[in-house]
Amino acid sequence: MSGVLDLVKPRLWPLLHRRPNGSARQYARLAVMATVAGVLWIGVFLVSLRVLTHFSTIEQIGTLLNFKLLNMLLVTALALLVFSDILTALSKLYLARDLPLVHALPVPAYRIFLARWIEISFDGSWMVVAFTLPVFLAYGVVFEQGLLFGLVLPAVLVPFALLAAAFSCLLVLLAVIVIPATRMKNIFILLGLLAFVAVYMTIRMARPEQLVDPEVFDSVMTYVASLQTPSSPWLPSTWAYSALHVALEGDPAGGLLDIALLWSGTGVLLFVCIGLADMLYFRGYSRTQAAGHKFRRRPLSKTRRRSLFKGPIRALLEKELKTFWRDQTQWSQVFLIAALVVIYVYNFKVLPLEKSPMPTFYLQNLLAFLNMGLALFVLTAITARFAFPAVCSEREAFWIIKIAPISMRAFLWIKFSIYFLPLLILTEGLIVVTNTLLKVAPFMMGLSVLTVFAMVPGIVAMGIGFGALNPNFRTENPAQAVTGFDGLLFMVLCTAFIGAVLALEAGPVYRFLFAQLSNRPLSTRWFLRAWACGLLAAILCAAAAVIPMAMGRRRLEGRGI
Amino acid sequence: MIELQSIIKTYGSYTALHGLNLSVPAGEIFGFIGPNGAGKTTTIKIIGGIMAPTAGTVRIAGIDMARDPVAAKQRIGFIPDRPYLYEKLTGLEFLQFTADVYRVSPDVFGEKALALLEMFALAEWGEELIESYSHGMKQRLIMCAALLHDPEVLVVDEPMVGLDPVAIRMVKNLFRELAARGITVFMSTHTLAVAEDICDRIGIIHRGRLIAEGALDDLRKDMAGGAPNLEAVFINLTQAPGENPVADRPT
C-alpha cells in the first residue's frame, strides 16, 4: 500500500503545501469563490427543503412521493457518477501527461492503477457528492432525523462513490483493449451529451409547465408516486436507497446490511479491477500511445485555397476554424447549443398568451423586452463556452503568437472578429424568430434588434478580454478556463451589463407602450429622457467592448511564456 | 544586427540578468553557452520579443524591440527548444499559417514551402496532422517555418535537441550557409561540440552575467596555461573550486 501512496503523493503535496501568498488579490479571489460556492450549496439545500416540505404535506402520497424522489435522485447520481468517472478514468489512466514518467518507474501496473483509482474516485465524484449532500441533509431535516442519520450518510455515500469509480474503471480497462482511449473519450462525451439533449428535449416537449395548473398537478403527482423507478437488487443505488430509507424512518441499524453490501461490493469490484489491471492496463496504455501514429504518405498539394482575407487575419481565422472542426469534443458542444436554441424557440411557441388576464398587446411587448435579456444571457453562456477560452486554447503554442510580427491588440481583435459574427447572427436570429412568434409590434422588434446589435460586441469583447487576463496555457482542457475566478467575473459583469442596459431602456419603453395603449401623445420630457438613456446605454456598450480588450492586451503583452 | 544594451531581468526578488551587453554583427554565428539557470533562455526570449526586459534595450537590425516590436519580429526567425505547435493543423497548413502571419507573398509560398519541407525531409508528411509527428519532426517543421520569411536574424534555443545525426549535420551546414548569406545566427546550446564546430564567436553566461566572449581560439588562449577545448574553458569559467556543478537555481 505504501507504494501506491507514494504514487499519489505528487498529487497531494501541492495541495498540502500550497499556501496563499498573502496578496489581497488572492484572498479576494478565494473569498469570492468560497462565497459563490457557499451560496449555491445553501441554495440547493433551501430549495430541496422547500420542495420536500411541500410534498410531505400532500395527504396520503406525500411521504411516498419523497421516497420515490430519493430513489430517482440516487439512480441519477449513480448514472452521473459512472459517466463522470469514465471520462476521468480515460484521462487519468491513459491520456494524462505524467503517464510516461509513471510507467517508467519500477512499479507494477496494478499499483499504478490503484493509485489512479484513488484519484479517479475523488476527481470524478466530489462534485456530484458535494451537490447532492444538501439534498440528503434536507431529507434529514424534513424527516426530523438527527446525528445518527448524519453518520449513515457518509457510510452510504463514500462507498457509493468508490463503487461507481471502480465500476467505471472496470469498463474502461476492458473497452480500451478494443477502442483506443482518445477515440473512446470523444465517443463518450458525444454519447453523454446526446443522451442529455434527448432527455432534456423529451422533458421539455412533455410540457412540464402544465404542473402549474392545480388540476393537472394532483394527477401528475399521483402518477409520479406510482412510477416504477429502477430498483433492481443488483443496483448499488437500491442498496443506498434502502439504507437511507430506513435511516429516515428512524431505524439506522436496519440499513446495516445494505451499507455492508455497498462496502463489500466496492471491495469485490476493486479486487477484480486490480486483477484485470495487472493483465490489461499496460497493454491498453501501450495501445493508446501507438494509436496516434497512423502515417499515410501523401503528395503535397501545391495549390492554396482562395480566401476573402489576407495576412494575419486569414492565418488566425483558418487556424481557428480548422482546429475547431477537427476537435470532435467541440461538435458535441455544438449539438448541445443547437438543442438549447430549439428549446428556447419552442418555449415561445407554446406560450399561452391568450389565457393571460393582461392585455395581449401589453404582454407581448413585455415578453419581448424580457426576451432581450434572456437571449443575451444565452449569448453570455455561449460566449463563456467558446469565446472565453479562445486565448487559452492557444495552449503552449502561444509562443508562436508572441514571436509573430503582430501586435497583441491585433491578435485579440482578430480573435474577437472570429467569434463576433457567428454570435451576432445567432443572437439576432433568436430575437427575430422569437419576436415573430410573439407577434410583437414593429417598434419592439426594431428596439430588440438594435439593442442586441449594440450589446453583442460588449459581451464577446468581455469574453475575449477576461479570458486573456490569466490564461492557463498548460491546461489540458481550455474549455474549463471559464470555471475559474476570471470566468466568474465575466459572468457577473455580463449580468450587470445586461441588467444595466435593459434598466436604462425600461423606463422610456414602458412610457412609450403605455402612451400607445392609451392613445396619448409623447411629451418632450419623454424624448429628452429617451435620448439620455439611449446615450448612456451606448456609452456602456462601447465601454464593455473596449475596456476588457485593453485589459487583456496589457496582460498578454506583459506576460512571457 | 543584434544589440543588447544593459539588459536587466528580474523575477520578483531574483535577478536573472545583470546588465547584459552584447552585439552580434550580420553574418555571424554566435554561440551562447552557460550552465543551467544561467540566463540563456531568458536572454533568448528577450531577443525574440517573447519577454520584455526589466530594463535595457534590444535592437534587431537597428530596430528597437520595445518601440516597434512588429517590425523587429518580422526580421527574426525563432526556434524554441520545445516544439509546441498547433496539433490539429497539418505540417503544410502550419507553414501556410506562418506565411500569412509573416506576410510571405502567395506567389512564392508554394515553391518555398515545398523546398523547405524537402530540405528537412518532411515533404512526405506535409499533409499529416502535426499531432502525429515525432518530437524531431516537429522540431524540423519549426525550422522550416522559421526560415519561410527569409529572416535576417535566426534565434535558436538548443537547435539539435530531438534531431538525428543526419539532421544535425544538415542543420550545421544550413547555419553555415545562412551565415555566408549575411544572416545572423544566435544560438544557445549545451552541446559544446556543436558550438566549437560552427560558431564564429562564443559567449559564456553565468549567473546572469556575460563572463567571457570571443572566438574559440581567443577563449582558449585566455585561460591560464591555455585550455585544450571549449569544455575546459566552460568548466574553468563556470565552476568555482569545490562547487557542486549541478546545484543551480531555476529561472
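In the predicted model, the axes of helix α3 (residues 62-95) and helix α6 (residues 147-175) of chain A come within 8 Å and cross at roughly 55°. Axes are lines fitted to C-alpha atoms, for helices over the stretch in contact, and angles run from 0 to 180 degrees between N-to-C directions. α3(A) is therefore oblique to α6(A); angles under 35 degrees count as roughly parallel, over 145 as roughly antiparallel, 65 to 115 as roughly perpendicular and the rest as oblique. The crossing of α3(A) past α6(A) is right-handed, that is, the near helix is turned clockwise from the far one by less than a right angle. Helices (H or I, at least four residues) and strands (E, at least two) are DSSP runs, numbered from the N terminus.

The residues of α3(A) that meet α6(A) include A:Leu78, A:Leu81, A:Asp85 and A:Leu93. Among those on the α6(A) side are A:Ala161, A:Phe167, A:Ser168 and A:Val172. Contact requires C-beta atoms, placed from the backbone, within 7 Å. By class, this contact has 14 nonpolar, 1 polar and 1 charged residues. Ala, Val, Leu, Ile, Met, Phe, Trp, Tyr, Cys and Pro count as nonpolar, Asp, Glu, Lys and Arg as charged, and the others, Gly among them, as polar.

Chain A has 18 helices and 0 strands. Of its 561 residues, 32% are buried. A residue is buried if 20 or more other C-beta atoms lie within 10 Å of its own, exposed if 12 or fewer, and partly exposed in between. Among contacts in chain A between residues at least 6 apart in sequence, 86% join residues at least 24 apart. A:Arg287 lies in helix α10 (residues 256-291) of chain A. A:Arg287 is partly exposed because 17 other C-beta atoms lie within 10 Å. Leaving aside neighbours within four places in sequence, A:Arg287 contacts A:Val176 and A:Pro180.

Chain B contains an open sheet of 6 strands in the order β6-β7-β8-β3-β9-β10, with mixed pairing. Strands pair if DSSP finds at least two bridges between them. β6(B) and β10(B) are the edge strands, each pairing on one side only. Neighbouring strands are turned by 15° against each other on average, direction ignored. Helix α5 (residues 135-147) of chain B packs on the sheet and touches β6(B) and β7(B), at about 175° to the direction of β6(B). Helix α6 (residues 165-180) of chain B lies across β3, β7 and β8 of chain B and runs at about 145° to β8(B).

In strand β9 (residues 201-206) of chain B, 5 of the 6 residues are buried. β9(B) pairs with β3(B) in the parallel sense over 4 bridges, and B:Ile204 is the bridge partner of B:Ile33. With β10(B), β9(B) pairs in the antiparallel sense over 5 bridges. B:Ile202 is bridged to B:Gly214, and B:His206 stands opposite B:Arg209. The hairpin of β9(B) and β10(B) has 2 residues between the strands, and B:Arg207 takes a positive phi near 50°.

The contact between the chains takes 38 residues from chain B and 30 residues from chain A. On the chain B side, α3(B) gives the most, with 6 residues. This side divides into 21 nonpolar, 7 polar and 10 charged residues.

Residues are numbered from 1 along each chain as its sequence is written, and chains are lettered from A and ligands numbered from 1 in the order in which they are written. In this predicted model, local features need pLDDT of at least 70 and side-chain atom pairs count only at pLDDT 80 or more, while totals for chains, interfaces and linings use all residues.

Key. Contact = placed C-beta atoms within 7 Å.
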